[in-house]
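Q: Pick one packing contact and go through it slowly with me, residue by residue. After that, show me what else is worth a look around it.

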Amino acid sequence: MEAEKDSSIKVDYISTTGVFKTPFTLILLVQLFIGGLALVLANLWFFNVLYYLLTGSQFYSLEPPGDWYYWLLVPLNIYGNIFLFSFTVILVSAGIYKFLNWRHPPQEGVFERGSKEWKYMHRRYWTAYFPIWLARAIPLPWADIVCYRFFGVRIGKNVVAYEGYIDPEFVEIGDFTMTSLHICIFSHLIYHDKVIIKKVSIGKNCIIGPQTIISPGTVMEEGAILGANSYTWLGQRLSTYLIHVGTPVSMSFPIQTLDESREKVEKRKKTVVLDDENLDDKKKEGGGNE
Amino acid sequence: MFQPASLKGDSPTPIDERVRNKYLILYLIIILLSFIPCSLFEYWYLITFWNESFYWLFFLLLPLNIFFLIYILQLSALLFSVLILNIINLIHRPREGFFKRDINDKDYLYWNLRNTIKKWPLYLAASNPFPWLKNRFMLRFFGVKIGSRCMCDNGWISSEFVSIGKNVIIGMGSTIISFGIEQDNFILKEIIVKENAAIGAKSVLLPGTIMKQNSKLSAHSYTNYDDVLEKDSIYMGHPAKLKKD
């Protein structure tokens with residue numbers, strides 16, 4: 001029933017998504033501590049070995065103690081620790097996220113500022129904030145996609161989604177979709193003193209151009225293309241295998257095959273050549289007259 | 001919020017190459033000085049916790065150590081840059097107006113110098129993983145007033161000649177620039193955003209824009225030089241025009 005109500009939402013302008021700072025933001029420190037604890041437990045043995053090599057004594061006695069070639073493991077240890085820390089934080093905060101969803105399942109709709117839904121939305125966002133930051137900071141290109149999957153964004157295989165804002169819930173992206181630089185995919189919208197939550201679904205084989213905004217409720221069907229520098233209005237539907245352009249999207253063009261575009265280029269060349277010849281003739285005529 | 005590292009939204013502080021090459025030492029000095037409190041803090045941490053009875057505490061508090069290290073670096077960078085900035089402002093006060101884009105023009109030269117000094121602390125604040133003491137706190141020391149309960153960590157906000165009221169929402173990747181470069185001219189003009197205004201995602205405010213109370217700028221639009229957005233109204237387009245229903 002609620003979904004039917006949502007489809008009739010009308011807005012005067014598209015604002016933005018984002019969250020305010022709340023006391024729940026301190027969850028970041030909890031995540032940091034849990035990650036640190038995992039690091040300590042994983043490194044107890046290695047630190048013990050290094051301490052033995054440096055001083056000759058041990059924290060706790062181990063047999064056999066380390067040898068000189070254990071120093072060669074130091075670079076591996078540093079890199080391993082970076083990944084260990086990030087992935088423990090990601091896993092733990094995914095657990096916290098699941099717990100929050102169990103306490104209060106997320107819903108689509110329009111909610112007042114200060115309502116329970118607003119509160120829980122902020123909590124979910126702040127739990128997802130630090131792991132996604134980490135996933136985008138570590139040198140693995142697929143880490144952020146894996147991280148988004150943990151937080152309920154359904155991302156298919158072979159998706160390009162590295163360089164843009166994507167909200168961590170109510171988003172669905174199909175296989176082989178490409179997104180370019182500096183895109184915004186919003187499933188939340190702050191509108192006056194309300195927040196609008198609506199699902200965004202992007203189909204297979206879509207292409208999203210640079211500098212675009214996808215507003216909540218947008219449905220991109222299979223193979224739809226959103227042109228550069230354009231944005232979609234609330235609840236817009238972009239139909240299959242067409243190029244959509246406009247601020248907000250108002251025009252759509254068919255996709256040309258390679259042969260069609262070649263033919264067009266050849267035609268244009270011919271006309272240009274003809275125009276040039278005509279121009280030359282005119283110049284000659286003009287010169288003669290003078 | 002969930003932006004990649006390339007779009008972290010640090011304050012726009014471009015520097016003319018001719019000025020940068022001259023005053024690079026100043027930039028390096030600030031970086032060096034800001035690391036001194038960090039090393040002092042680490043020294044203290046090592047001495048107090050690296051004891052035979054406290055090894056476990058040393059390792060347990062490492063996350064907190066890194067947390068404080070990040071903030072000590074940021075705050076010390078801020079301290080030294082503000083100190084140097086105040087000295088430079090005594091020599092030449094920053095003022096708004098139309099100038100020439102030429103290093104012989106004193107205003108343009110000193111604007112570049114100010115940017116050189118601000119760059120390091122603002123960069124640190126933007127690349128900080130934690131959401132505390134970011135834009136609102138940092139920009140206050142450079143003369144930008146940002147009101148309480150503002151959402152201002154997702155956009156690029158200029159570090160001078162900007163004043164933002166209470167409850168303002170600044171969208172993802174939106175830009176507020178109080179300087180403009182038009183061919184050979186250089187323009188500095190104040191941007192005023194009053195209470196309850198909202199700036200949509202990816203919109204741009206050019207120098208001299210005044211947003212009055214409760215005015216809304218839609219996403220993906222920009223304002224012209226010296227535009228005035230009236231109160232309780234909605235603006236959108238390229239450049240932004242009043243939306244009538």
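**The contact up close**

A: On the H3(A) side you have Ser86(A), Val89(A), Ile90(A), Ser93(A), Ile96(A), Tyr97(A) and Leu100(A), and they meet Tyr120(A), Arg123(A), Arg124(A), Thr127(A), Ala128(A), Phe130(A), Pro131(A), Leu134(A) and Ala135(A) of H4(A). Sorted by class, these residues come out as eleven nonpolar, three polar and two charged. Here Ala, Val, Leu, Ile, Met, Phe, Trp, Tyr, Cys and Pro are nonpolar, Asp, Glu, Lys and Arg charged, and the others, Gly among them, polar. "Contact" means C-beta atoms, placed from the backbone, within 7 Å.

Bear in mind that the model is predicted: local features need pLDDT of at least 70 and side-chain atom pairs pLDDT 80 or more, while totals for chains, interfaces and linings use all residues. Residues count from 1 along each chain as its sequence is written, with chains lettered from A and ligands numbered from 1 in written order.

Now the geometry. H3 (residues 74-103) and H4 (residues 116-137) of chain A pack at about 165°, their axes 9 Å apart. That makes H3(A) roughly antiparallel to H4(A), a label for angles over 145 degrees. The axes are lines fitted to C-alpha atoms over the stretch in contact, and angles run from 0 to 180 degrees between N-to-C directions. The H3(A)–H4(A) crossing is left-handed: the near helix is turned anticlockwise from the far one by less than a right angle.

For another helix pair, look across to chain B. H2(A) (residues 27-55) and H4(B) (residues 62-91) come within 8 Å, axis to axis, and cross at roughly 130°.

Back in chain A, strand E7 (residues 188-191) holds Tyr191(A). Tyr191(A) is buried because 20 C-beta neighbours lie inside 10 Å; the cut-off is 20 or more. Beyond four places away in sequence, Tyr191(A) touches Val11(A), Ser15(A) and Ile196(A). Ser15(A) is 176 residues from Tyr191(A) in sequence, yet their C-alpha atoms are 6.5 Å apart.

Conventions
Helix = DSSP H or I, 4+ residues; strand = E, 2+ residues; numbered from the N terminus. Buried ≥ 20, exposed ≤ 12 C-beta atoms within 10 Å, placed from the backbone. Contact = placed C-beta atoms within 7 Å. Parallel < 35°, antiparallel > 145°, perpendicular 65-115°, else oblique.
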